[in-house]
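Please examine the sequence and the model shown below. The paragraphs that follow lead from the overall fold to its surface.

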Amino acid sequence: MANLGMSNTHVNQFDGSKRAASTRHKIQTAINVALFSAAFLFVAAIVCGVLA
């Protein structure tokens, strides 16, 4: 990847505390689980013929 002058400070931008980073990580994980679950259910519904 090219270095565009951006640093990784935005990842720990909250206040540097582990708790804030942990909370952000939990939120991101929950969003990812929800998206993957929705995508799986959508594909399963199409394959099973529920959505046609």
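In this predicted model, helix H1 comprises 31 residues, which at 1.5 Å a residue should span 45 Å. H1 covers residues 18-48, and the chain contains one helix and zero strands. Just after H1, Gly49 adopts a positive phi of about 85 degrees.

The chain exposes about 4,900 Å², of which carbon and sulfur atoms supply 67%.

Phe42, Val43, Ile46 and Val47 make a nonpolar surface patch of about 400 Å². Phe42, a member of this patch, lies in helix H1. The relative accessible area of Phe42 is 47%; because this value falls between the 20% limit for buried and the 50% limit for exposed residues, Phe42 is classed as partly exposed.

Terms used:
Residues are numbered from 1 along each chain as its sequence is written. This is a predicted model: local features need pLDDT of at least 70, side-chain atom pairs count only at pLDDT 80 or more; totals for chains, interfaces and linings use all residues. Side-chain values use heavy atoms; hydrogens and water are left out. Patches are made of residues with over 30% relative accessible area and no salt bridge: like charges are joined within 9 Å, nonpolar side chains (Val, Leu, Ile, Met, Phe, Trp, Tyr) within 5 Å. Accessible areas come from the Shrake-Rupley method with a 1.4 Å probe; for residues, only the protein chains shown count as cover. A salt bridge is a side-chain nitrogen of Lys or Arg within 4 Å of a carboxyl oxygen of Asp or Glu. Helices (H or I, at least four residues) and strands (E, at least two) are DSSP runs, numbered from the N terminus. Buried means under 20% relative accessible area, exposed over 50%, partly exposed in between (1.4 Å probe, protein chains only). The expected span of a helix is 1.5 Å times one less than its number of residues.
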